[in-house]
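Please open the model in your viewer and keep the selection panel at hand. The stops below are meant to be followed in order.

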Amino acid sequence: MAIPVIMPKQGQSVETCIITKWFRQKGEQVKTGDILFSYETDKAAFDFESAADGTILDILYPEGAEVPVLANVAVIGSPGEIIEATKTSDSVVAGKEERAILLPGPEIGNHDEKRQIPVPESGAGRIRISPRARRVAEKKGIDYSKIRGSGPNGRILCSDIMNAGQEAYTGSPLVSNGVDEFTDKPLTNVRKLIARSMHASLMNSAQLTHHMSADVRGLLEARRRIKENLSAGRAEQADITLNDMICYCVIKALSRFPEANSHFLDDHMRIFKSVHLGIAVDTPRGLMVPAVRNADSMDIVSLSRSLKSVADDCKKGSIDPELIKSTAASFTVSNLGNYGVEMFTPVINLPQTAILGVCTIINRPADLGNNTFGFVPYIGLSLTYDHRAIDGGPATLFLREIKKEIESFTL
Amino acid sequence: MPKSQNINPEDVRRPQFIEFGRIPVNQYNLTIEQEKKNFTTDDFVRIYHDMVIIREFETMLNLIKTTNEYRGISYNHPGPAHLSIGQEAAAVGMAYTLGIDDYIFGSHRSHGEILAKGLSAIHKLDEDNLYNIMQHYFGGKALSVVEKGFSGSVKELAVRFLLYGALAEIFARENGFNKGLGGSMHAFFTPFGIYPNNAIVGGSGDISVGAALYKKINKKPGIVVCNIGDASMGCGPVWEGISFATMDQYTKLWQGEYMGGLPLIFNFMDNLYGMGGQTMGETMGFGILARIGAGVNPDMMHAERIDGYNPLAVIDAFRRKREILEKRRGPVLLDTLTYRISGHSPSDASSYRSKEEIEAWQKVDSITTYGEQLAAAGVAKTELLDEIRSDAGELLAHILKLTVSDEISPRLDLISDPDAIGSMMFSNQSVDRMDDRKPDVLMPMEENPRVKSIKTKERFHLDSEGKPVSKARTYQLRDGIFEAVIDRFYKDPTLAAWGEENRDWGGAFAVYRGLTEALPYHRLFNSPISEGAIVGTAIGYGMCGGRVIAEIMYCDFLGRSGDEVFNQLPKWQAMSGNLIKMPVVIRVSVGSKYGAQHSQDWSSLVAHIPGLKVVFPATPYDAKGLMNSALQGTDPVIFFESQRIYDIGEMFHKPGVPEGYYEIPLGEPDIKKSGNDITILTIGATLYQVLKAADILQGKYGMNAEVIDARTLVPFNYEPVIESVRKTGKIVLASDASSRGSFLKEMAQTVTELAFDYLDAPPVVVGSRNWIIPAHEMETYFFPQPGWIIDAIHEKIIPLKGHKSGSDLSYEKSLKLNREGV
């Protein structure tokens, strides 16, 4: 009888898992204990071992798909068996629901293409690689997951890596005398996720960046007053930062340019009615982008509080996993102004369609009127947008709208 | 068999009867009055005193074990204490006449014997010598403890030293006689002539024979007393020891001053029980143990049963027996009847004997009876005897207090020095000769026929023109061993060699051919077919200070010497607190062609036992150099040789095996062929199969193998192997040992651990099948063949283009074989 393969529930709070890799394909023979696929939650990665012997009759979710826990992801049985009964209902198939992908996998957009599996038919699922080959691969930065091993049972041997390295690796060896001049550090899970999503973003979208700057004399004046009030000990005064003010301006601008407040989903655009503002936060575990949901309904004080709260949660590691999915936000702000960055090209957090990079403030000569020139503080704004979703004209107008909001900002 | 003795059929086929003489049983019948001419009053009282000390010592231990308290001092001793309450007269009588040159060996129940021997030695030594011994024993540490605040005489001090050293040893304290590493059943103190007790029943039965051989062969003064229990008469090694000790050759073939019997008394402390089994009436059939002597040799071993409940009867017997030994008519068998009032151990519920029986023996208690006799004969007043008893109690309480204090008597500190015991496993010395005399030899070495013949041999397997040398002209592996051995015989006067067919035959495999001409009997002789005793006597010989080569003709016979090889040889250096050395080389020949019980490679078994060095050379150059090192050292070495390659010539060391002396350090593997693609580590003769495999790998598959010969199993320097694996990433390990539990598995595991990140495949072991070894014609299905090595590489390490594997090395097959245990 055909047996369904069920996505396990990893922990109480986990509702969905992402299939990161299928090690076995439809039609292949598998044995109990063979690793069928790997999957991950926002916190950890797991391998799924087959609990039955048989043939994979069907695979119901492609790599990269986010799957509700306890959903049926594949069917194992004898060839020719009827598998209808075990098929999962359409409603839970990824893509029909909101594509709740934390950080999109490299497979986004081309699920249907069969990937070459590095493990030959006789292998037991996981990547078989000798310790020596693994060591050399890591040293040379070669991704061995796609290499076909030539050793017994398809084990990847050192020579396989060297052969692969001749194609992929063109630099000269860093090591000449056998003494390691560097240390190899395995990637953390978060790092892997970031790497995959950033790479996927650049590979799978058409992004470009416009730069503009905005006069922030009003903003700086407002900030000065807030600081004054704070140092005078006025309890009612919230510590509203420049970033809070800029986010506030962005939210306002977004309400006028809803096409930037959107997700690009291959065949359709999803325009959000509310602004769910993503904010890039540096944490010890790496970059995280929590969302402040319904930010357009907040006044500046509660926006300030919410931004601070999600940033703190990320740093503490207590952030609600739902909020750090790339689908949780409709638009993202990444502020590098504190670090003195004058201009940059932020990378879009797919499937969002745009991201605003906020740069440092530079005093620039400006016409103060009456033929008087003086130095005016300008903040740099770098808007990266996905040209698939938005054209250059509207993007520029949107950026100009942000500039306008900033320049006319008052508390 | 020597040609000098003809066996005439007319003589041996003549009808006759074997006549046995009479064996005296309890014939001593002198009174104290009659003994006054042999003993002074002091002597009489001293005998009493020594018995009381032992009684109190054992009583104290009994109370500690059963109540955790003695005279208000609390202590818990979890370790063993096999007490000899009741056997004091036997112990004191045994030791009374012995000097410090006389050695005693003991059993698990020998506290009384070592105290008696110690007290006897203290009485006989002058104060300067006595103090000197105490002062220099482990830096005088134990002495300083008992000396503190003590103002009595040196002899009184020495008694305290003896009791403290023994008790500290029993309680595993560093001030014990053996740093607490021997313990109750193994305590000994060689400066007083006290050699090891032995926790294995009958363990001293052959070791003591080796000690007697040491005295005889090296003309050392003194006799040897082997104190073992009556139940050990059931042990093979005891019978083997007796056989070894009573060989005809001592009186018929050994020459000149070496002619004559061994200076040895097998003194059976016959307490009538072996644990709970009654030797008389239940577990043995001799009735009276002394009867055994009648069957051993025409002298009936001068056997006698004596009353071990009367110290004077025992002393009388030892005086008479010593005269026999001095006339070189030993050995002697004494059946010293005694009784153990205490249990086998403190947990003994005496379920195997009646209360009435114990009470009957208590009624004739040796100390009480002897005391009453002394009082009755007017030798000592009762008050004096009582005072001796109460003094003993106070003395023991004082000693106990010192011993149980962790400040005064700490244990070895394994926290600050975690290697303290490890560093004592081997003595690791380099000693040319164990004594300075001129070695006894029969001719100058250069006149020896074998030496002359070797001179004409080609010391490399190819001649000067690069052509293979014929077997007859080749310097062979057996010549390499011979050269090392004869060299040492001419250097070290203590070196002696024995085993089966060692002399006229020249060793079963002609390694010793030529030694018979060079050496007198007492340095090279044939042993009985007694593998246990061949090794056991070597142990006794070695621990007394002699160097020895014992030979086990076939590795398969090693099992016959299991206790000696596993329990005795490896233990005594560390259990002595590293005081004694064990310069013993056991040559073990690994056979072939003769099937299941004559072809096994058991090197893994001995390598498993801590305390043995294990060597297995495969080339003439290595055999000579490693034998030189083994014979230069002071540690036990099991030296494996392979019968497959005794005739092999030197193929690696150019220009050939050096004529002079050289050493190859134990533990260094040797690269026999260098290569970059795969490492093959071999043990023993398998080297040559592997070299064939390496040729095939190179020729057919373009794979350049690096072949490393382990040469030694223990110790082993892994660095060259790791270095090779770092280069090649692949390793096969091969030897003729059956693969399950083979030492190769140990090596494979260690390589995995030390070079994991460099491995391109798991280390693969190619060993023999886990079968009986079939007949020679089927051996290629059993022992590793070159093709097996190729198959293993192809199947488990890296597929070889175009290779078709002839072996099933599949996952399923491996599981199946393991599941089935074959």
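Two strands are said to pair if DSSP finds at least two bridges between them, and the elements named on this tour are DSSP runs numbered from the N terminus, with helices being H or I runs of at least four residues and strands being E runs of at least two. The model is predicted, with local features requiring pLDDT of at least 70, side-chain atom pairs counting only at pLDDT 80 or more, and totals for chains, interfaces and linings using all residues. For making selections, residues are numbered from 1 along each chain as its sequence is written, while chains are lettered from A and ligands numbered from 1 in the order in which they are written.

**Stop one: a sheet in chain A**

Select strand β2 (residues 16-22) and strand β4 (residues 35-40) of chain A, which pair in the antiparallel sense over 4 bridges; within this pairing, I19(A) has Y39(A) of β4(A) as its bridge partner. Widening the selection shows an open sheet of 4 strands in chain A, ordered β5-β4-β2-β7 with antiparallel pairing. Its edge strands, each pairing on one side only, are β5 (45-49) and β7 (66-68) of chain A, and from one strand to the next the twist averages 40°.

Next select helix α5 (residues 242-256) and helix α6 (residues 300-316) of chain A, whose axes come within 10 Å and cross at roughly 115°; axes here are lines fitted to C-alpha atoms, for helices over the stretch in contact, and angles run from 0 to 180 degrees between N-to-C directions. Show D244(A), C247(A) and Y248(A) of α5(A) together with I300(A), L303(A), S304(A) and L307(A) of α6(A), which make the contact (C-beta atoms, placed from the backbone, within 7 Å). These residues divide into 5 nonpolar, 1 polar and 1 charged, where Ala, Val, Leu, Ile, Met, Phe, Trp, Tyr, Cys and Pro count as nonpolar, Asp, Glu, Lys and Arg as charged, and the others, Gly among them, as polar.

**Stop three: where the chains meet**

The contact between the chains takes 10 residues from chain A and 11 residues from chain B. On the side of chain A that touches chain B, helix α1 (residues 131-140) of chain A gives the most, with 4 residues, and by class that side has 5 nonpolar, 3 polar and 2 charged residues. The model scores ipTM 0.72 and pTM 0.72.

Technical notes. Two residues are in contact if their C-beta atoms, placed from the backbone, lie within 7 Å.
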